[in-house]
Amino acid sequence: MDQMQKEAFAAAGVDIDSALERCLGNEVLLCRFYAKFLEDPNYAKLQTALAARDPAGAVQAAHTLKGVCGNLSMTALFPLFARQVESLRAGDWDTADQLMEQISCAYGQVTKTIRQLLDHA
């Protein structure tokens, strides 16, 4: 991974050095994990659950995304999902819904950056 790619990840809110450290420096493995993230259905499940006011589905999807983002060092998304999980568990749908604007923006930046990396890998 070159410096320009690392800077793109940093700009998207990903601590790529920490993520690589978790993968013992194996960039191929990290790229596989990022590719799996793009395929993960939980973001769509979260949107559906929020629209349907399905507390169990929303908590499950947000909690799963929180964990995945933490493991992949997505420092922009992790705290947003953590706050959303707390809000959902407290029954605060307004805050959970409001967080989706920030989450959607950060999620879009991260997925765009991952796609660019994978296209050049």
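Just after helix 4, Arg-53 takes a positive phi of about 55°. Helices here are DSSP runs (H or I, at least four residues), numbered from the N terminus. The model is a predicted one, in which local features need pLDDT of at least 70 and side-chain atom pairs count only at pLDDT 80 or more, while totals for chains, interfaces and linings use all residues. Residues are numbered from 1 along each chain as its sequence is written, and side-chain values use heavy atoms, with hydrogens and water left out.

Helix 4 itself spans residues 42-52, and within it Asn-42, Tyr-43, Leu-46, Ala-49 and Leu-50 are buried. Buried means under 20% relative accessible area, exposed means over 50%, and partly exposed lies in between (1.4 Å probe, protein chains only). What do the buried residues of helix 4 pack against? They pack against helix 5 (55-71), helix 6 (77-89) and helix 7 (93-119), where contact means heavy atoms within 4.5 Å.

Met-74 touches Gly-13, Val-14, Tyr-34, Phe-37, Cys-69, Val-110 and Ile-114, not counting residues up to four places away in sequence.

The structure holds three aromatic pairs. Rings of Phe, Tyr and Trp (its six-membered ring) pair if their centres lie within 6.5 Å, and planes under 30 degrees apart count as stacked, over 60 as edge-to-face and the rest as tilted. Two of the pairs are set out here.

| Pair | Centre to centre | Angle between planes | Type |
|---|---|---|---|
| Phe-9 and Tyr-34 | 5.4 Å | 20° | stacked |
| Tyr-43 and Tyr-107 | 3.8 Å | 5° | stacked |

Phe-9 lies in helix 1 (residues 3-11) and Tyr-34 in helix 3, so their pair ties together parts that are 25 residues apart in sequence. Phe-9 counts as buried at 1% relative accessibility, and Tyr-34 counts as buried at 0%. The pair of Tyr-43 in helix 4 and Tyr-107 in helix 7 links distant parts of the chain, 64 residues apart. Tyr-43 is buried at 10% relative accessibility, and Tyr-107 is buried with a relative accessible area of 13%. Together with Phe-37, Tyr-43 and Tyr-107 form one aromatic cluster.

With a disulfide taken as a pair of cysteine sulfur atoms within 2.5 Å, the count comes to zero disulfides. For Cys-31, the nearest cysteine sulfur is that of Cys-23, 9.3 Å away, and Cys-31 counts as buried at 15% relative accessibility. For Cys-105, the nearest cysteine sulfur is that of Cys-69, 14 Å away, and Cys-105 counts as partly exposed at 47% relative accessibility.

Technical notes
Helices (H or I, at least four residues) and strands (E, at least two) are DSSP runs, numbered from the N terminus.
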